[in-house]
Amino acid sequence: MLNFTPAAGAGSGAGGGSGAGGGNRARAVPGRTIRVRVKRCEGPGKASRWEVFAVKAEAGSNVISVLQQIASNPVTVEGERTTPVVWDSGCLEEVCGACTMVINGRVRQSCSCLIDEYAPGEGDEITLEPMSKFPVVRDLWVDRSRLFHNLSRVKAWVPIDGTYNLGPGPRETPAQQETRYALSECMSCGCCLEACPQFTLEEDPKAWGTSFIGAHAISQARLFNEHATGRALKGERLEALMGPGGVSDCGNAQNCVKVCPKHIPLTESIAAIGRAVTIHAVARWFRG
Amino acid sequence: MSHRVIVVGGGLAGLAASVRIAEAGVPVDLFSLVPVKRSHSVCAQGGINACNEVARQQGYSEYEHFDETIYGGDYLADQHPVLEMANWAPRIIDLLDRMGVPFNRTSEGYRDLRLFGGSLFKRTHFAGATTGQQLIYALDEQARRYEAEGKITKYEYWEFLGPVFADDAGGGRRCVGVVGQDLRTMQVRAFRGDAVVMATGGNGLVFGKSTNSIICTGAAAARCFKAGVAYGNPEMIQVHPTAIPGADKLRLMSESARGEGGRVWVPRTKNDARRASEIPEAERFYFLEEKYPAYGNIVPRDIATREIFDICVNQGLGVGGGNSVYLDLTHKDPEYLTRKLGGILDIYEKFVGVDPRREPMQIFPAVHYSMGGLHTTFVKGRYNPGEPLSKHVSGSAPPLGSEVGLGMSYGDPGNMVTNVAGLYAFGEVNFAYHGANRLGANALLSCIFDGLFCGLSVVNYMKNGAPSKTPHGQVGASVYESARSAEQSKYEALLGAASRGEADEKTNPYVIHRELGAEMTAACTVVKSEGRLRECLSRIGDFKERMARVRVPDAAGWSNQSLCFARAVGDMLSVAEAVCLGSIERKESRGAHYRTDFPERDDANFMKTTVARWDATGQRVTVEFAPVDGSLVRPTARTYGKKEAGAGQPKPAMSGV
Ligand SMILES: Cc1cc2nc3c(=O)[nH]c(=O)nc-3n(C[C@H](O)[C@H](O)[C@H](O)COP(=O)(O)OP(=O)(O)OC[C@H]3O[C@@H](n4cnc5c(N)ncnc54)[C@H](O)[C@@H]3O)c2cc1C
Ligand code: SF4
Ligand code: SF4
Ligand code: FES
């Protein structure tokens with residue numbers, strides 16, 4: 001018989017088990033039932049409400065697999081049949097940024113949020129809410145168009161001549177590559193914006209051009225200023241970051257860097273761009 | 001002249017096509033289920049292949065890359081397109097480099113290289129262990145630049161529901177647009193275009209859990225298939241040897257782990273209860289290294305997968321008696337590992353809770369990639385030897401150079417177009433290039449190659465083909481309206497049948513999908529046999545019946561994800577059926593397709609492309625076989641120097657470098 005079932009929860013076999021993960025995982029109770037509290041909203045302008053679901057925790061389950069379980073049988077703890085929860089997701093391995101939400105009050109990716117860590121005991125509760133700095137589409141799904149718009153504001157690209165065959169790009173040292181790679185891992189998830197006191201909900205796209213741009217785009221501006229060809233637009237990027245909603249709106253609260261799942265050195269980027277903007281402003285003043 | 005192109009899909013293939021076409025001055029409407037930057041291509045870890053100067057000086061060449069790809073694909077791929085792709089590869093790396101991709105560097109500042117499956121030369125370029133993410137970001141940025149200039153218009157969170165065809169003056173059909181649905185407002189709308197490029201990726205969700213992103217349902221391809229587009233080699237499904245089992249997804253551990261020295265083993269004794277670190281070297285069974293001394297752990301995926309499957313399922317030698325084997329990196333310097341593989345080691349640590357720098361990983365095969373896809377044609381280039389050459393001897397001088405146009409005729413509208421004029425297929429959804437098995441790090445290449453090389457074909461089709469006489473603006477409005485209203489009715493029917501309160505497993509789309517995935521994985525992946533496949537075909541029939549009565553668990557007319565999911569599951573069944581029927585009809589073993597009842601490759605009867613078609617009257621799939629372009633290299637046995645096969649061992653050319 002062609003049996004093809006993977007071992008449940010790798011790492012639990014003979015060789016695994018020392019557990020480099022957080023402490024809760026080791027004491028997670030197998031087969032327990034947990035409670036999932038979800039903030040629901042049927043669409044823009046509609047009021048929110050809470051629903052609680054009881055879910056049996058499978059080996060290795062995460063918030064995504066729990067939401068999948070709920071979708072196939074959406075019944076609340078009160079025994080009421082409801083609709084499946086709507087949420088955004090993609091890669092399921094914390095590399096696309098889609099599944100970002102607020103879990104137990106803290107913004108993070110839901111795919112890498114392990115139930116064993118967050119609800120290790122029988123009856124433990126997990127709370128899921130949509131991000132608050134972006135308009136809700138439905139339930140946990142928010143519209144983050146503004147985040148991509150802000151990448152255009154700082155011209156976050158290398159202005160190449162075209163796709164013709166023109167030989168290799170600029171050579172760079174491993175150290176330069178490492179700096180750029182670290183910045184380039186940003187997946188536009190928006191955690192840094194959710195946590196930032198200066199970045200507030202703005203539903204009107206017309207106001208996006210002058211409202212605070214946020215750590216994410218500032219750091220991307222730095223990424224492209226660091227590239228030998230990307231540097232050609234450095235002046236334009238700094239101009240964009242000088243005006244209203246630019247780098248000077250940052251209050252230096254440093255919340256952003258604490259929540260970034262990719263450990264992007266955001267405060268370093270903000271400082272670097274802040275300095276560059278000052279130099280640029282002085283130079284511009286001298287040029288008249 | 002106001003031509004427009006519709007590109008469906010914003011992964012690597014769709015973005016490369018959009019950039020290339022916009023650059024030629026033609027406006028592009030780009031559709032995607034998710035913001036394009038979040039497309040599945042971000043998941044790619046290991047790297048992208050191309051001949052490079054270092055490998056060249058060791059005896060490698062574009063030609064050897066071509067030859068490897070053909071051999072790796074077990075002689076099922078049409079050969080001319082592969083030649084062109086291998087020849088173009090170095091230009092693609094250069095371009096990505098210019099776009100700012102942070103490729104890993106050598107101490108002198110050149111692009112670093114790593115070993116990958118199916119080659120004895122280092123020819124894989126990489127950016128840490130998140131190469132796909134870095135490549136798609138570079139293309140996303142270029143697309144954003146064109147968007148800012150108004151040359152690309154994005155329709156993100158829009159779902160493609162079907163192509164729009166119009167009758168052509170010549171009697172045939174051509175593609176003149178698409179019908180799409182806004183996933184927020186649920187508005188169904190038709191869009192006009194002079195050509196449509198499908199770049200919608202793979203279909204891992206047909207197998208339930210896989211290494212793919214959750215959006216890789218294959219439904220977009222299925223909708224073209226059901227509209228009359230032929231599907232090539234559906235049965236060729238790649239099962240990756242090394243993934244982490246999980247509750248929602250089987251997360252990939254990239255082949256680069258083996259390329260960087262990772263060793264696959266199990267304890268020699270069954271049910272050995274000791275921890276991995278306590279098992280002495282002599283009591284470890286490095287089964288890939290023992291059986292394939294030349295390639296060792298970097299044999300191609302289908303081979304590694306079958307060997308792991310055999311060890312666990314047939315021999316019961318899996319770790320702890322279960323379905324997993326060790327993938328061991330603990331002999332390597334932890335700092336080196338972090339630098340080269342940080343991204344994937346973090347994934348393992350995050351999801352399993354064990355640091356793979358200190359303890360071997362436990363892995364098992366998982367469905368990963370679809371070699372099959374929409375069937376496309378091509379126009380041969382200038383290189384046509386009188387008869388096929390014998391297999392290239394690794395390291396020897398190539399018989400030809402790498403100029404443009406030797407493999408495929410550059411800019412010809414007939415490249416990578418489906419059987420419907422104006423409807424192109426690029427990237428993973430295109431069946432071309434990989435034959436019966438894809439070599440690691442060749443997918444990213446084929447996606448970008450399609451977009452850049454064949455993007456010009458699309459432009460030329462509009463300039464010189466049917467749209468030059470009848471541009472989309474002159475196609476009758478009724479063509480679009482009838483396509484739109486057909487989709488609108490389907491949508492309303494599903495909405496009307498929404499369940500209100502009652503639960504029934506038989507008609508629940510999530511339950512049907514779960515059962516379909518389990519069935520397809522059991523019957524149509526690592527090992528197949530006629531009896532089991534027939535059983536699967538009849539189960540698919542049952543699923544079709546259940547889908548006809550499906551009840552969506554949500555009646556909302558706003559952001560109704562369950563409805564979209566149910567509709568996708570219904571469409572996926574047609575591709576599932578093609579996979580199963582192709583597996584039945586291909587009575588041989590080749591590459592990823594392994595039949596226990598026909599264990600040998602049969603070139604006389606089956607060195608042929610499986611062409612599946614949807615019979616709309618009978619609501620079922622039919623299959624026939626079409627000739628493969630095998631005019632450049634002659635097939636040989638594909639043994640990768642396996643010991644029992646007694647074949648001469650290929651020698652790694654200066655492999656120490
Ligand atoms: C985990 C993993 C690792 C990999 N690593 C490598 C590697 O190292 N090297 C390598 O060469 N290959 C690798 N591959 C394979 C490679 O990543 C894929 O083949 C490739 O990224 C596919 O790109 P694509 O552009 O064809 O499609 P995708 O990137 O899948 O994009 C598909 C696009 O189509 C859109 N779409 C789909 N359906 C619809 C619809 N109905 N309506 C509207 N839009 C739609 C999506 O929104 C998306 O934008 C890997 C694959 C996986 C799963
Ligand atoms: S440092 Fe600036 S960007 Fe970061 S959270 Fe504080 S105010 Fe926001
Ligand atoms: S900087 Fe970090 S938190 Fe902010 S969008 Fe990028 S990855 Fe997310
Ligand atoms: S689904 Fe991609 S980050 Fe979670």
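Here is a chat about a predicted model with chains A and B and its ligands.

Colleague: Hi! Before we dig in, what kind of model is this?

Modeller: Hi! This is a predicted model.

Colleague: Thanks. How many helices and strands does chain A have?

Modeller: Chain A has nine helices and seven strands. Its C-alpha atoms fill a box of roughly 70 × 50 × 35 Å along the principal axes.

Colleague: And what share of the residues of chain A count as buried?

Modeller: Of its 288 residues, 53% count as buried.

Colleague: Let's go to the ligands. Which residues are closest to ligand 1?

Modeller: Those are Ser39(B), Ser41(B), Gly46(B), Phe160(B) and Glu428(B), out of 39 residues that surround ligand 1.

Colleague: How much of ligand 1 does the protein bury?

Modeller: Taken alone, ligand 1 exposes 1,000 Å², and the protein buries 98% of that.

Colleague: Which elements give two or more residues to the shell around ligand 1?

Modeller: In chain B, they are the helices α1 (12-23), α6 (219-226) and α11 (443-464), together with the strands β2 (28-32), β7 (158-167) and β17 (361-370).

Colleague: How do the residues of that shell divide into nonpolar, polar and charged?

Modeller: The shell around ligand 1 has 18 nonpolar, 17 polar and four charged residues.

Colleague: What about ligand 2, which residues are closest there?

Modeller: Cys196(A), Cys250(A), Ala253(A), Gln254(A) and Cys256(A) are the closest of the 13 residues around ligand 2. Eight residues of that shell are nonpolar, five are polar and none is charged.

Colleague: And which residues are around ligand 3?

Modeller: Cysteines around ligand 3 include Cys186(A), Cys189(A), Cys191(A), Cys192(A) and Cys260(A). Among the other residues there are Met187(A), His216(A) and Pro261(A). The shell of ligand 3 divides into nine nonpolar and three polar residues, with no charged ones.

Colleague: New topic: how many aromatic pairs are there over all chains?

Modeller: A search of the whole structure finds 29. One of the aromatic pairs is Phe134(A) with Phe199(A), a tilted pair at 5.9 Å centre to centre and 50° between the planes.

Colleague: Why does that pair tie together parts that are apart in sequence?

Modeller: Phe134(A) is in the chain A loop between β5 (125-129) and β6 (136-138), and Phe199(A) is in the loop between α5 (191-194) and α6 (215-225), so the pair links parts 65 residues apart in sequence. Both Phe134(A) and Phe199(A) are buried.

Colleague: Can you give me a stacked one too?

Modeller: Tyr510(B) and Phe565(B) are stacked, 4.9 Å centre to centre with 10° between the planes. Tyr510(B) belongs to helix α14 (residues 509-523) and Phe565(B) to helix α16 (residues 561-585) of chain B, so this pair ties together parts that are 55 residues apart in sequence. Tyr510(B) and Phe565(B) are buried.

Colleague: Which residues do ring pairs link into a cluster?

Modeller: That cluster is made of Trp88(B), Tyr410(B), Tyr433(B), Phe449(B) and Phe453(B).

Colleague: Where does the charged end of Arg263(B) sit?

Modeller: It sits over the ring of Tyr286(B), 3.7 Å from the ring centre. The charged end of Lys37(B) sits over the ring of Tyr137(B), at 4.4 Å from its centre.

Colleague: Last stop, Thr124(B). Is it buried or exposed?

Modeller: Thr124(B) counts as buried, because its relative accessibility is 0%. Thr124(B) is in strand β5 (residues 124-125) of chain B, and its side chain makes a polar contact of 2.6 Å with the side chain of Asn49(B).

Colleague: And what contact does the side chain of Asp272(B) make?

Modeller: The side chain of Asp272(B) makes a polar contact of 2.8 Å with the side chain of Arg274(B). Asp272(B) is in the chain B loop between β14 (263-267) and β15 (284-285), and it is buried, with a relative accessible area of 9%.

Definitions and conventions:
Residues numbered from 1 in each chain as written. Chains lettered and ligands numbered in written order. Predicted model: local features only at pLDDT ≥ 70, side-chain atom pairs only at ≥ 80, totals over all residues. Heavy atoms only, no water. Near = heavy atom within 4 Å. Nonpolar A, V, L, I, M, F, W, Y, C, P; charged D, E, K, R; others polar. Phe/Tyr/Trp six-rings, centres within 6.5 Å; stacked < 30°, edge-to-face > 60°. Helix = DSSP H or I, 4+ residues; strand = E, 2+ residues; numbered from the N terminus. Buried < 20%, exposed > 50% of the residue type's maximum accessible area, 1.4 Å probe, protein only. Lys NZ or Arg CZ within 6 Å of the ring centre and 35° of its normal. Areas by Shrake-Rupley, 256 points an atom, 1.4 Å probe, with all protein chains shown as cover. Polar contact = N/O pair within 3.5 Å; in protein donor to acceptor, adjacent residues only side chain to side chain.
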